[in-house]
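Let's take a walk through a protein model together. Have the viewer open and follow along strand by strand.

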Amino acid sequence: MNVRQKTIKQEISASGVGLHTGANVTLTFCPAPENHGFKFQRIDLDGHPIIEADADNVTDTSRGTTLTQNGASVSTVEHVMASLVGMDLDNVLIKLDGPETPIMDGSSIQFVDLLEEVGTVEQNADREYFTIPHNITYTEEDRKVEIVAMPLDDYRFTCMIDYNSPVLGSQHAGINTIAEFKKEIASCRTFCFLHELEYQLSHNLIKGGDLNNAIVIVDKEVTKDELSHLAKLFNRKDIDVAPQGILNNMELRYQNEPARHKLLDMIGDLALVGMHLKGHIMAARPGHAANVAFAKKIKAAIKKEKNKKIQKVYDPSAKPLYDVVQIMDILPHRQPFLFVDKILELSKNHVVGVKNVTMNEEFFRGHFPGAPVFPGVIQIEAMAQVGGILVLSTVPDPRNYLTYFLKIDNVRFRAQVLPGDTIVFRCDLLEPIRRGIAQMKGVGMVGEKIVVEAEMMAQISKIKQAEPAQ
């Protein structure tokens, strides 16, 4: 059974300070259309730039996860991202009037409560999952980091942390399904060691830090004077060390709360893959840098699997959906500029077309006549025409529209195409057509071999009718 995409019913806001900047900021969750995904918007900057929640946009992982795009940045996004995934959402715009998300109590629970308060709404588009196809691994030998994603028809997490600390020790945490996020993980707060806190305070790195939004683990002997100094910094009457080896400003919500929080961070960082995942993620000693690097490995696996789907071998002699006469009723091109002979498949998201390459074609007279090769530029034109049929299939009467190509990227010619070859082109939409703009991935194959691939952007334009004579 297909699962539909979800967004929230209405806007809702939360205000607080950024952990590292100390800046007051208001964050607003907003409903978003189908296939929008998760995006941040800096409404305090000129032009209100959008920052996509994508692992490729990560620019810093030193003290949280920072995203940068379109000249704008937003930092410490992991707790917000975890709440969106934990609440089973797909499409949300997160507006911010500052450079960092509010730290709140150091967990995701207040974001989860807000999202639950407004409720969700099911959308028409189906959700797309990426099911881990085989073990995907990531290691950092120097930090003893190990992460593996294994195939599973659910989203499960197991996390182990070990900081070589006699106080914290080795801790484990896990959930069997993402549906357990709110109950088991969302309320687990960030933590740091006392020596880290002292360093960050001395270097003015946690301007919004407060003993209400972090668990402080005491990993060394501390004097009364040091505790008095900390109390003064955080406007406390007094501070002491609790029996569990943490500052007595708060009680642990779970005995293994630090491990659970690391799991929370992983869920948030892996949300930057951009798709809902199905698999079992097992991690030892994870951190933001490793999480993001692992997210990029999963993204690479997604791209590889998509290419495998595209590389289906088609029978060019199969009965066409459209023959060349029907194609001419859609496309304005004519000989010698029509380079599509058949359309084999056409859906809302993809098209498959055929080009038969023969020695009779006009360009072979001047293009390496002694060693004829089908010109690469015409391969791209043929691919563009196939894609044009997909784009024009979305308008009421294709004869009243033209398709203009705005951009062609990542073109690769992998093998020569010779007279007698038959190229099968497949073009897939990379995202839904918006405001007449289509972005496609095109692949051309001769038999089982890819010969050309490219990414294309096209615009649908209505033909202007001549004004009647007065």
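Start with a pair of strands: E2 and E3 (residues 24–31) run antiparallel and are joined by six bridges. Keep in mind that what you are looking at is a predicted model. Within this pair, Ile-12 sits opposite Phe-29 of E3, and Gly-16 has Val-25 of E3 as its bridge partner. The two strands make a hairpin with six residues between them. In its turn you'll find Gly-22, which has a positive phi of about 75°.

What holds strands like these side by side? Strands of a sheet pair through backbone hydrogen bonds, in either a parallel or an antiparallel way.

**The five-stranded sheet**

E2 and E3 belong to an open sheet of five strands, ordered E2-E3-E9-E4-E5, with mixed pairing. Strand E2 (12–17) and strand E5 (50–52) are at the edges with a single partner strand each, so one side of each has no neighbour in the sheet. From one strand to the next, the twist averages 25°.

Cys-30 has Leu-93 in E9 as its bridge partner.

Two helices pack on this sheet. Helix H1 (residues 78–86) touches E3, strand E4 (38–42) and strand E9 (92–96), and its direction makes about 140° with that of E4. Helix H2 (residues 109–118) touches E2 and E3, and its direction makes about 165° with that of E2.

Is H1 mostly covered or mostly open? It's mostly covered: nine of its nine residues are buried. Among them are Glu-78, His-79, Met-81 and Leu-84. After H1 comes Asp-88, which has a positive phi near 65°.

**The nonpolar cores**

Which residues touch the most other members of the largest nonpolar core? They are Phe-29, Phe-40 and Leu-84, out of 76 residues in that core. You've met Phe-29 already, as the residue opposite Ile-12, and Leu-84 as one of the buried residues of H1. The element that gives the most to this core is helix H7 (residues 288–310), with seven residues. Domain 1 (4–187 + 258–306) and domain 2 (191–252) both supply residues, so the core lies between them. There is also a second, separate core of 37 residues, which includes Leu-390, Met-440, Ala-454 and Ile-460.

E19 and strand E20 (residues 350–356) are joined by four bridges and run antiparallel. In this pair, Glu-345 is opposite Val-352 of E20.

**Strand pairs side by side**

| Strand pair | Bridges | Sense |
|---|---|---|
| E2 and E3 | six bridges | antiparallel |
| E14 and E15 | six bridges | antiparallel |
| E14 and E18 | six bridges | parallel |
| E19 and E20 | four bridges | antiparallel |

Take a look at E14 (residues 155–162): it runs parallel to strand E18 (residues 276–284), but antiparallel to strand E15 (residues 170–175). Phe-157 has Ile-281 in E18 as its bridge partner, while Met-160 is opposite His-172 in E15.

**A residue on the outside**

Is Val-325 buried or exposed? With a relative accessible area of 57%, Val-325 is exposed, because the cut-off for that is over 50%. You'll find Val-325 in helix H8 (residues 324–328). Its C-alpha atom is 8.8 Å from that of Asp-341, which is 16 residues away along the chain.

**The whole chain**

Finally, step all the way back. The protein chain has nine helices and 24 strands, and 50% of its 470 residues count as buried. Its accessible surface is about 23100 Å², with 48% of that belonging to carbon and sulfur atoms. Of the contacts with a separation of 6 or more, 71% are between residues 24 or more positions apart.

Conventions
Residues are numbered from 1 along each chain as its sequence is written. This is a predicted model: local features need pLDDT of at least 70, side-chain atom pairs count only at pLDDT 80 or more; totals for chains, interfaces and linings use all residues. Side-chain values use heavy atoms; hydrogens and water are left out. Buried means under 20% relative accessible area, exposed over 50%, partly exposed in between (1.4 Å probe, protein chains only). Contact means heavy atoms within 4.5 Å. Accessible areas come from the Shrake-Rupley method with a 1.4 Å probe; for residues, only the protein chains shown count as cover. A nonpolar core is a set of buried Ala, Val, Leu, Ile, Met, Phe, Trp, Tyr and Cys residues joined through side-chain atoms within 4.5 Å. Domain bounds come from an automatic or database domain assignment. Two strands pair if DSSP finds at least two bridges between them. Axes are lines fitted to C-alpha atoms, for helices over the stretch in contact, and angles run from 0 to 180 degrees between N-to-C directions.
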